[in-house]
Amino acid sequence: MDKVRRFQIADVDAALEAYYGNGHINNSQIKKMFGVNSSSVISKLKRPVWEAEKAENIPVAVPGCINARIAFKVWGIDAAELEKNLKKRRELGL
C-alpha cells in the first residue's frame with residue numbers, strides 16, 4: 001500500500017487522541033489533526049483510506065468515519081514516534 005501525500009500534523013495531541021480513541025476518525029478530528037477546514041480536502045484525505053479499508057475487507061462500522069489504524073498507515077503517520085516526540089518536547093519545555 002502506497003502512502004499518500006497529506007498535510008503536516010497541526011495538533012499532535014488531536015492526532016494521538018484520534019488514534020487511541022474509539023478506533024474511528026471523523027471529519028472534525030481530521031480538521032483538528034491537520035488544521036484544515038475544507039470538506040473537499042477532508043474527502044481527499046479520506047478517499048485512499050476508504051480504498052484501503054475495502055482492500056483489507058474492513059467493514060464500515062461507523063458511517064462517515066474511517067478506521068484509525070488504516071488511516072495512520074495510509075497517511076504514513078507513526079503514532080509511537082508522535083508520542084516520543086511529544087514527550088521529548090514536553091521534557092524540554094517546548
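This is a predicted model: local features need pLDDT of at least 70, side-chain atom pairs count only at pLDDT 80 or more; totals for chains, interfaces and linings use all residues.
Helix α1 spans residues 12-20. Its N-terminal end is capped by D11. A side-chain oxygen of D11 lies 3.1 Å from the backbone nitrogen of D13. Within α1, the buried residues are V12, A14, A15, L16 and A18. These buried residues pack against four elements: β1 (24-25), α2 (27-34), α4 (68-75) and α5.

The packing of α1 on α5 can be described in some detail. Two packed helices are described by the angle between their axes and the distance between the axes. Helix α5 covers residues 79-92. The axes of α1 and α5 come within 10 Å and cross at roughly 140°. Angles over 145 degrees would count as roughly antiparallel, so α1 is oblique to α5. The crossing of α1 past α5 is left-handed. On the α1 side, the contact is made by V12, D13, A15, L16, Y19 and Y20. On the α5 side, A79, L82, E83, L86, R89 and R90 take part. By class, this contact of α1 with α5 holds 8 nonpolar and 4 charged residues, with no polar ones.

L86 sits in helix α5. Its relative accessible area is 9%. Buried means under 20%, so L86 is buried. Leaving out residues up to four places away in sequence, L86 touches V12, D13 and L16. L86 and K73 are 13 residues apart along the chain, and their C-alpha atoms are separated by 19 Å.

Helix α1 also packs on α2. The angle between α1 and α2 is about 145°, and their axes are 7 Å apart. Here too α1 passes in a left-handed crossing. The contact is made by A14, A15 and A18 of α1. From α2 come Q29, K32 and M33. By class, the contact of α1 with α2 has 4 nonpolar residues, 1 polar and 1 charged. A15 of α1 is listed in the contact with α5 and in the contact with α2.

The axes of α2 and α3 come within 10 Å and cross at roughly 100°. Angles of 65 to 115 degrees count as roughly perpendicular, so α2 is roughly perpendicular to α3. The contact is formed by N27, I30, K31 and F34 of α2 with I42, L45 and K46 of α3. The residues of this contact of α2 with α3 divide into 4 nonpolar, 1 polar and 2 charged.

F34 of α2 belongs to this contact with α3. F34 is buried, with a relative accessible area of 4%. Not counting residues up to four places away in sequence, F34 touches R6, F7, Q8, I9, A10, L45, W75 and I77. One of these, F7, is 27 residues from F34 in sequence. In space, F34 and F7 are 6.1 Å apart, C-alpha to C-alpha.

S43 lies in helix α3. S43 is partly exposed, with a relative accessible area of 28%. S43 and N27 are 16 residues apart in sequence. Their C-alpha atoms are 8.8 Å apart in space. N27 is one of the α2 residues in the contact with α3.

Two asparagines, N57 and N67, complete the description. Most residues other than glycine have a negative phi. N57 is not a glycine, yet has a positive phi of about 55°.

N67 is found in strand β2, which covers residues 66-67. At 15% relative accessibility, N67 counts as buried. The side chain of N67 reaches the backbone nitrogen of R69 at 3.0 Å. Leaving aside neighbours within four places in sequence, N67 is in contact with G23, H24, V49, E53 and I58.

Technical notes
Residues are numbered from 1 along each chain as its sequence is written. Side-chain values use heavy atoms; hydrogens and water are left out. Axes are lines fitted to C-alpha atoms, for helices over the stretch in contact, and angles run from 0 to 180 degrees between N-to-C directions. Angles under 35 degrees count as roughly parallel, over 145 as roughly antiparallel, 65 to 115 as roughly perpendicular and the rest as oblique. A crossing is left-handed if the near helix is turned anticlockwise from the far one by less than a right angle, and right-handed if clockwise. Contact means heavy atoms within 4.5 Å. Ala, Val, Leu, Ile, Met, Phe, Trp, Tyr, Cys and Pro count as nonpolar, Asp, Glu, Lys and Arg as charged, and the others, Gly among them, as polar. Buried means under 20% relative accessible area, exposed over 50%, partly exposed in between (1.4 Å probe, protein chains only). A polar contact is a pair of N or O atoms within 3.5 Å; within protein, one must be able to donate a hydrogen and the other to accept it, and residues adjacent in sequence count only if both atoms are side-chain atoms.
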